[in-house]
Amino acid sequence: MAQSVPVLSDGSITVRPVRVRDAKVIEHELLSNRSWLRPWEATSPYAPRSFDMRSSIRSLLQNARSGGGLPLVMEYEGEVAGQLNVSGITYGSLSSATLGYWVSERFAGRSVTPTSVALATDYCFTEMGLHRMEICIRPENAPSLRVVEKLGFRYEGFRRRYIHINGDWRDHFCFALVREEVPQGVLRRWHNGEVPVGAASVPAVDRVASETPLLPPPALF
């Protein structure tokens with residue numbers, strides 16, 4: 001089902017639905033942050049990266065109308081700071097979704113991402129009736145790993161060559177929350193200092209595995 005998402009805010013940070021007229025500003029932020037964002041940027045093994053931002057936003061909005069996603073913009077004091085997308089929304093016996101995001105370098109360290117992730121997750125749990133939210137992060141992406149640590153997303157496992165990022169299939173760590181873990185809400189739990197210590201800790205065996213390339217099988221002859 002399609003969702004009409006309100007503006008969600010906490011202090012100077014706002015999360016709102018993306019609009020086609022945001023295309024020029026978002027494109028400027030992406031181009032201005034190429035070196036900052038490229039290592040974590042989703043790519044396609046079948047097609048070149050496109051910066052047709054209007055088409056990209058229209059595609060996201062079309063998916064939202066069919067109920068498959070929530071394409072959002074993160075703002076700091078009224079300025080566009082990045083994007084946050086809730087994708088793969090599934091209802092019924094699964095009732096889950098996946099969350100991804102990017103933030104401009106000039107807004108890093110201002111709690112834009114963890115606050116936005118908390119706001120979006122709380123909305124998905126309380127207003128959309130979803131049961132589980134998942135975030136998958138490259139092992140090398142220290143800033144994103146700090147986000148799930150701050151919010152207490154629970155580590156669930158290591159996924160080999162899971163998503164095509166920056167031109168190749170990349171390993172990811174998987175983190176998740178289910179609604180029963182945060183009856184008070186993700187944002188409130190974080191603000192109240194009630195996040196469980198170590199929930200997002202990655203076991204040493206998985207850290208070692210992430211540092212070991214997946215080699216092709218040996219030739220049979």
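Guide: "Buried" denotes a relative accessible area under 20%, "exposed" one over 50% and "partly exposed" anything in between (1.4 Å probe, protein chains only). The model is predicted: local features need pLDDT of at least 70, side-chain atom pairs count only at pLDDT 80 or more, and totals for chains, interfaces and linings use all residues. Residues are numbered from 1 along each chain as its sequence is written, and side-chain values use heavy atoms, with hydrogens and water left out.

Visitor: Is Ser111 buried, partly exposed or exposed?

Guide: Ser111 lies in the loop between E5 and H4; helices (H or I, at least four residues) and strands (E, at least two) are DSSP runs numbered from the N terminus. Its phi is near 65°, a positive value in a residue other than glycine. Most residues other than glycine have a negative phi. Because the relative accessible area of Ser111 is 27%, its class is partly exposed.

Visitor: What is the relative accessible area of Ser95?

Guide: Ser95 belongs to the loop between strand E4 (79-90) and strand E5 (96-103). It too has a positive phi, of about 45°, although it is not a glycine. Ser95 is classed as buried because its relative accessible area is 11%.

Visitor: How are H1 and H3 oriented to each other?

Guide: Two packed helices are described by the angle between their axes and the distance between the axes. For helix H1 (residues 23-32) and helix H3 (residues 53-65), the axes are 9 Å apart and the angle is about 115°; axes are lines fitted to C-alpha atoms, for helices over the stretch in contact, and angles run from 0 to 180 degrees between N-to-C directions. Angles under 35 degrees count as roughly parallel, over 145 as roughly antiparallel, 65 to 115 as roughly perpendicular and the rest as oblique. H1 and H3 are therefore roughly perpendicular.

Visitor: How many nonpolar, polar and charged residues has the contact of H1 with H3?

Guide: Contact, meaning heavy atoms within 4.5 Å, is made by Ala23, Ile26, Glu27 and Leu30 of H1 and by Met53, Arg54 and Ile57 of H3. By class, the contact of H1 with H3 has five nonpolar, no polar and two charged residues. (Ala, Val, Leu, Ile, Met, Phe, Trp, Tyr, Cys and Pro count as nonpolar, Asp, Glu, Lys and Arg as charged, and the others, Gly among them, as polar.)

Visitor: Which exposed residues does the face of H1 turned away from its buried side carry?

Guide: Ala23, Ile26, Glu29 and Leu30 are the buried residues of H1. They lie on the same side of H1 because they cover an arc of only 135° around the axis, the arc being that of the directions from the helix axis to the C-beta atoms. Their cover includes H2, H3, strand E3 (70-76), E4 and E5. The face turned away from this buried side carries Lys24 and His28.

Visitor: Which residues of H4 and H5 meet?

Guide: The axes of helix H4 (residues 112-126) and helix H5 (residues 142-151) are 9 Å apart, and the two pack at an angle of about 50°. H4 and H5 are therefore oblique to each other, and H4 passes H5 in a right-handed crossing. The residues that meet are Thr113, Pro114, Val117 and Ala118 in H4 and Val147, Lys150 and Leu151 in H5.

Visitor: Which elements do the buried residues of H5 pack against?

Guide: The buried set in H5 consists of Ser144, Leu145, Val147, Val148 and Leu151. Because they cover an arc of only 150° around the axis, they are on the same side of H5. They pack against E5, H4, strand E6 (132-137), strand E8 (168-178) and helix H6 (186-191).

Visitor: Leaving aside neighbours within four places in sequence, which residues is Cys124 in contact with?

Guide: Cys124 is found in helix H4 and is buried, with a relative accessible area of 0%. With those neighbours set aside, its contacts are Leu70, Val86, Gly129, Leu130 and Met133.

Note on methods
Left-handed = near helix turned anticlockwise from the far one by under 90°.
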